[in-house]
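Subject: Structure handover

Hello,

Here is the structure you are taking over. Please open it alongside this message; the findings follow below.

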Amino acid sequence: MTLLRVGLLGGSFDPVHYGHLRAAQWALETFALQQVRLVPARQSPFKGPCVASDADRRAMLELAVEGNPALAVEACELDREPPSYTVDTLKTLIARSPEALFTLILGSDAATGLDRWKDSAEVRRLAEIRVLARPGNPAVDPAVVPFEGLAISSTDIRDAVRASRSIRYLTPESVRLYIEEKGLYK
């Protein structure tokens, strides 16, 4: 049986932006994956609550990946009670797709705290872990893959919207229009 190689890129995606999408596309190609699923967290155990609703974050992600069949939205964490634990997500996905081999794609900042994650040894057993150096932070650990990403942050986008500055070219146009139409982040 040939295993389907699936990358998982989790986050708040509040909102999704080109930095997230570039990381997903880059991981797809660099790690020889057949698909990358963007996994919006319902509530990270390490962050405060999201600004946009679960439904809005999911809708923005679906707009962002539209037209790229290799990228998909995996919303299983939105269907569970918070907090969102990666170990639970992996167990759910493995049970649902036993033919898949999952690769967890982490930014170097998230990877430094991996030992604090719930059942981190089980996370490492259930998925291959690939770590990308964040833009502007060179990889010092040989296990961290250098990634020439885009230095865009969701926080900066929310701040720009609040200050009535343009977010054009920071996020897909469909997402920008959705944010405008729904009056998000004001």
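Glutamate 81 is exposed, at a relative accessible area of 63%; exposed means over 50%, buried under 20%, and partly exposed in between, computed with a 1.4 Å probe on protein chains only. This is a predicted model, so local features need pLDDT of at least 70 and side-chain atom pairs count only at pLDDT 80 or more, while totals for chains, interfaces and linings use all residues. Residues are numbered from 1 along each chain as its sequence is written, and side-chain values use heavy atoms, with hydrogens and water left out.

Salt bridges

Glutamate 81 forms a salt bridge with arginine 42, and their closest N and O atoms are 4.0 Å apart. A salt bridge here is a side-chain nitrogen of Lys or Arg within 4 Å of a carboxyl oxygen of Asp or Glu. This pair links distant parts of the chain, 39 residues apart: glutamate 81 sits in the loop between strand E3 (71-73) and helix H3 (86-96), and arginine 42 in the loop between E2 and H2. Helices (H or I, at least four residues) and strands (E, at least two) are DSSP runs numbered from the N terminus. Arginine 42 counts as partly exposed, at 25% relative accessibility.

Over the whole structure, the search finds 15 salt bridges. One of them joins the side chains of glutamate 62 and arginine 58, at 3.1 Å from N to O. Both residues lie in helix H2, four residues apart, about one turn of the helix. Glutamate 62 is partly exposed at 38%, and arginine 58 is partly exposed at 34%.

Glutamate 173 and arginine 176 are three residues apart in H7, so about one helical turn separates them. Glutamate 173 is partly exposed, at 33% relative accessibility, whereas arginine 176 is buried, at 10%. Elsewhere, salt bridges that share partners join Arg42, Asp54, Arg57 and Glu81 into one network.

Nonpolar cores

The largest nonpolar core has 35 residues. Such a core is a set of buried Ala, Val, Leu, Ile, Met, Phe, Trp, Tyr and Cys residues joined through side-chain atoms within 4.5 Å. Val16, Val36, Leu38, Met60, Leu132 and Ile179 have the most contacts inside the core. Two or more residues come from each of helix H1 (18-30), strand E2 (35-40), helix H2 (54-65), helix H6 (154-162) and helix H7 (173-182). H1 gives the most, with six residues.

Leucine 132 touches residues including Ala23, Trp26, Phe31, Ile105, Val144 and Phe147, leaving out residues up to four places away in sequence; contact means heavy atoms within 4.5 Å.

Strands

Strand E1 (residues 4-11) and strand E4 (residues 100-107) run parallel and are joined by five bridges. Two strands pair if DSSP finds at least two bridges between them. E1 also pairs with E2 in the parallel sense, over six bridges. Which residues stand opposite glycine 7? In E4 the residue is threonine 103, and in E2 it is valine 36.

The chain crosses from E1 through H1 to E2, and this β-α-β crossover is right-handed: with the strands pointing away from the viewer, the path from the first strand over the helix to the second runs clockwise.

Regards
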